[in-house]
Amino acid sequence: MISLRLAGAALSFALFNSQLTTCRSPGEGGTEAAPTHAEVKDVTLNGVDTSALTGREKSEWSRYVSELLAPCPDQPVNLAQCVQENRSCKQCAPAATYLVKQVQRGRTRSQIEAAYRARFSPDAIKNVELDDSAAKGPAGAPVLLVEFADFECPACGAARPILDDLYKRYDGQMRFVFKNFPLGMHQYAEKAARAGVAAQKQGKFWEMHAMLYDNQQALEPSNVERYAKSIGLDMPRFLQDRDSEAVADIVSRDRKEGEQLELSGTPSIFINGRKFENTGDFKEDLEDWVSLEIQLTGGTPAPHAVEAAPSANPNAVASASAAAPSASSKATAKAPTPKAGAL
């Protein structure tokens with residue numbers, strides 16, 4: 001008979017892949033009706049494969065590349081003209097390809113325009129202070145992914161294996177930074193966040209990160225103390241750090257930064273300073289974004305095959321997964337790509 005914890009986890013994952021894509025405060029969300037536009041001629045661009053599009057989709061895509069401006073500020077032309085004239089903006093062809101996938105996935109015009117601006121507008125680049133946040137992966141990686149998350153949030157729990165898989169497959173091409181954004185609606189989120197920071201002080205953040213997510217339905221402080229002991233932490237030191245003002249201040253600092261960035265829920269992800277917007281296909285959108293980011297910085301995306309993780313024993317505390325040791329970063333998350341143009 002399946003345990004209540006596993007049933008809850010399964011339900012959370014199902015919700016994550018259907019409607020619940022973030023843990024949000026009440027009153028967030030909303031949609032707009034798409035405006036009508038005149039017909040435009042079908043466009044063909046060298047280096048951009050549109051063969052998989054239907055006639056209707058090709059027409060929609062042609063409209064987008066004819067109306068949206070090129071990403072580079074020194075090229076005040078639309079995407080189609082930028083590619084057709086082989087202009088110096090190297091982001092134009094990848095941007096047009098990005099729009100092919102958006103159209104294929106049936107996104108509305110408002111969704112596509114919002115996604116395009118988030119991905120290419122210079123105004124969308126945010127300064128995310130990394131400070132001494134837990135991090136893994138090479139500091140000079142072409143992709144810097146920063147996640148603001150809540151250990152008790154079901155959507156964060158559902159996103160966790162996707163992010164772990166992405167990090168492993170793009171080994172060496174991604175740096176992953178974790179920042180705390182515990183929500184008041186979750187009873188144990190604050191304490192769990194402090195436990196993560198306390199574990200980081202002993203070089204075992206990622207082991208604790210795995211423990212907290214593997215046991216997301218049992219985050220009472222007494223249970224978390226068991227998890228800390230099971231990963232070999234110095235318990236007196238762990239308890240002292242977890243309950244210290246210094247650790248509380250670190251969690252508060254992350255949360256305050258998230259509020260300044262106007263985060264509306266968790267998980268919230270920034271890739272090279274741009275907020276990743278999930279439009280319904282979280283895994284596919286995230287991989288597309290990472291792959292494109294590597295291309296735009298002059299690299300070649302080289303994902304590695306990753307074996308599926310074994311199922312956890314529902315009657316025991318799941319063991320921490322192997323992960324890179326915690327690292328510090330005194331930098332700011334900003335896109336290393338050329339600045340995008342006004343959109």
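How many helices and strands are there in the protein chain? There are 12 helices and 9 strands. The model is a predicted one, and the points below should be read with that in mind.

1. Overall make-up. The protein chain has 343 residues, and buried residues make up 49% of them. Among contacts with a separation of 6 or more, 77% are accounted for by residues 24 or more positions apart.

2. Main core. The largest nonpolar core holds 58 residues. Leu 145, Met 208, Phe 238, Ile 271 and Leu 286 are the residues with the most contacts inside this core. Helix α6, residues 154-169, gives the most to this core, with 7 residues. Apart from this core lies another one of 29 residues, which includes Val 43, Val 83, Tyr 116 and Leu 296. As general background, nonpolar side chains tend to be buried together in soluble globular proteins.

3. Surroundings of Met 208. Not counting residues up to four places away in sequence, Met 208 touches Ala 195, Gly 196, Ala 199, Val 224, Ala 228, Ile 231, Leu 233 and Phe 238. Of these, Phe 238 is also listed among the residues with the most contacts inside the largest core.

4. Sheet order. An open sheet is formed by 5 strands in the order β3-β5-β4-β7-β8, with mixed pairing. The edge strands, each pairing on one side only, are β3 (134-136) and β8 (274-275).

5. Pairing from β3 to β4. Strands β3 and β5 pair in the antiparallel sense over 3 bridges, and Ala 135 has Val 177 in β5 as its bridge partner. The pairing of β4 with β5 is parallel and runs over 7 bridges. Here Leu 145 stands opposite Phe 176 in β5. Leu 145 is also one of the residues with the most contacts inside the largest nonpolar core.

6. Is β5 largely enclosed by the rest of the structure or left open? Strand β5 is largely enclosed, because 7 of its 7 residues are buried. Met 174, Phe 176, Phe 178 and Asn 180 point one way from the strand, while Arg 175, Val 177 and Lys 179 point the other way.

7. Strand β4 (residues 143-149) and strand β7 (residues 268-271) pair in the antiparallel sense over 4 bridges. Across this pair, Glu 147 stands opposite Ile 269 and Phe 148 stands opposite Ser 268. Strands β7 and β8 also pair in the antiparallel sense, over 2 bridges. Ile 271 has Arg 274 in β8 as its bridge partner. The hairpin of β7 and β8 has 2 residues between the strands, and Asn 272 takes a positive phi near 50° there.

8. Faces of β7. Both faces of this strand are covered. Ser 268 and Phe 270 lie on one side, Ile 269 and Ile 271 on the other, and all are buried.

9. Gln 173. This residue is in the loop between α6 and β5 (174-180). Is Gln 173 buried or exposed? Its relative accessible area is 13%, so Gln 173 counts as buried, the cut-off being under 20%. Leaving aside neighbours within four places in sequence, Gln 173 is in contact with Ala 141, Pro 142, Val 143, Ile 294, Thr 300, Pro 301 and Ala 302.

10. Cavity. A search of the whole structure finds 1 cavity of 30 Å³ or more. The largest cavity holds about 60 Å³ of space. Its lining consists of Tyr 98, Gln 102, Arg 107, Ala 115, Phe 276, Glu 277, Thr 279, Asp 285, Asp 288 and Trp 289. The elements that give two or more residues to this lining are α4 (92-104) and α12 (282-296). Helix α12 gives the most, with 3 residues.

11. Which kinds of residue make up the lining of the largest cavity? The lining divides into 4 nonpolar, 2 polar and 4 charged residues. Among the lining residues are Arg 107, Glu 277, Asp 285 and Asp 288, as well as Tyr 98, Ala 115, Phe 276 and Trp 289.

Note on methods
Residues numbered from 1 in each chain as written. Predicted model: local features only at pLDDT ≥ 70, side-chain atom pairs only at ≥ 80, totals over all residues. Heavy atoms only, no water. Core = buried A, V, L, I, M, F, W, Y, C linked by side-chain atoms within 4.5 Å. Buried < 20%, exposed > 50% of the residue type's maximum accessible area, 1.4 Å probe, protein only. Contact = heavy atoms within 4.5 Å. Pairing = 2+ DSSP bridges. 1 Å grid on protein atoms, 1.4 Å probe; cavity = no way out; pocket = protein on both sides within 12 Å on 5 of 7 lines; lining within 4 Å. Points joined across faces, edges and corners; volume = space filled by probe spheres on them. Nonpolar A, V, L, I, M, F, W, Y, C, P; charged D, E, K, R; others polar.
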